[in-house]
Amino acid sequence: MGGPTWTVKLGRRDSATASETDANDNLPSFTDDLKELISLFSRKGLEPQDLVALSGAHTIGQAQCFTFRDRIHNEDNIDSSFASTRQRSCPTSGSNTNLAPLDKVTPNSFDKSYFKNLVQLKGLLHSDQVLFNNDSTDSLVRTYSNSRSTFFADFASAMVKMGDIEPLTGSSGQIRTNCRVPN
């Protein structure tokens, strides 16, 4: 998909179980405002720069209608043409599972288009557009929208930092023989 590379540390211990409650308590929501996003990332030792860089992963992927319905129908920090286009497949009710690309311009390429979209008020999710909304992260969004190399370097650095969050040690967890499934 054309994105950056980084060195992944080997031998990380993973949990043998999963917790939906922990995930819901620790992962950002599509409805979060900037203050909440910064707080969530800060609790894990990540800076606002890491938040913005990692959000750039939304240059690929899709979202279901229910996650962006309120944004395209009720928010005013959105390009009207973009909102109108999205409203055609995501009406005010129903069609919850209809999909739209997070990055309408290059949905299958890992690039800086996501940030250009934010500058143009074409962020699909509320939690994306808050990164560029006359607040403290606007300058980072603008920098990434203009510099692929800066975005890629900061994204790779943030991925390494994210990999170091609360590692399991000793006999906790397991080193998986297949990273997709518990041993």
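## Close-up views of a predicted model

Both C65 and C90 are buried (under 20% relative accessible area with a 1.4 Å probe and protein chains only; over 50% is exposed, and in between is partly exposed). All views come from a predicted model, where local features need pLDDT of at least 70, side-chain atom pairs count only at pLDDT 80 or more, and totals for chains, interfaces and linings use all residues. Residues are numbered from 1 along each chain as its sequence is written, and side-chain values use heavy atoms, with hydrogens and water left out.

**View 1. The disulfide of C65 and C90.** A search of the whole structure finds one disulfide (a pair of cysteine sulfur atoms within 2.5 Å). C65 and C90 are joined with an S to S distance of 1.8 Å. C65 lies in helix α4 and C90 in the loop between α5 and β2, so the pair ties together parts that are 25 residues apart in sequence. Helices (H or I, at least four residues) and strands (E, at least two) are DSSP runs, numbered from the N terminus. The link of C65 and C90 is right-handed, with 80° about the S-S bond.

**View 2. Helix α5 and its buried face.** Within α5 (residues 80-87), look for F82, A83 and R86, which are buried. Seen down the axis of α5, these buried residues fall within an arc of 100°, so they line one face of the helix; the arc is that of the directions from the helix axis to the C-beta atoms. Their cover includes α4 (65-74) and β2 (99-101). At the start of α5, a side-chain oxygen of D79 comes to within 3.2 Å of the backbone nitrogen of S81.

**View 3. Positive phi at S95 and N134.** Most residues other than glycine have a negative phi. S95, which is not a glycine, has a positive phi of about 55°. You will find S95 in the loop between α5 and β2, partly exposed at 33% relative accessibility. N134 has a phi near 60° and sits in the loop between α7 (126-129) and α8 (138-146). N134 is exposed, with a relative accessible area of 76%.

**View 4. The surroundings of H58.** UniProt places the feature "binding site" at H58, in an unreviewed entry; such annotations may be inferred rather than shown by experiment. H58 belongs to the loop between α3 (48-55) and β1 (62-64) and is partly exposed, at 26% relative accessibility. Not counting residues up to four places away in sequence, H58 touches L102, D103, Y114, L125 and D128 (contact means heavy atoms within 4.5 Å).

Methods
Polar contact = N/O pair within 3.5 Å; in protein donor to acceptor, adjacent residues only side chain to side chain.
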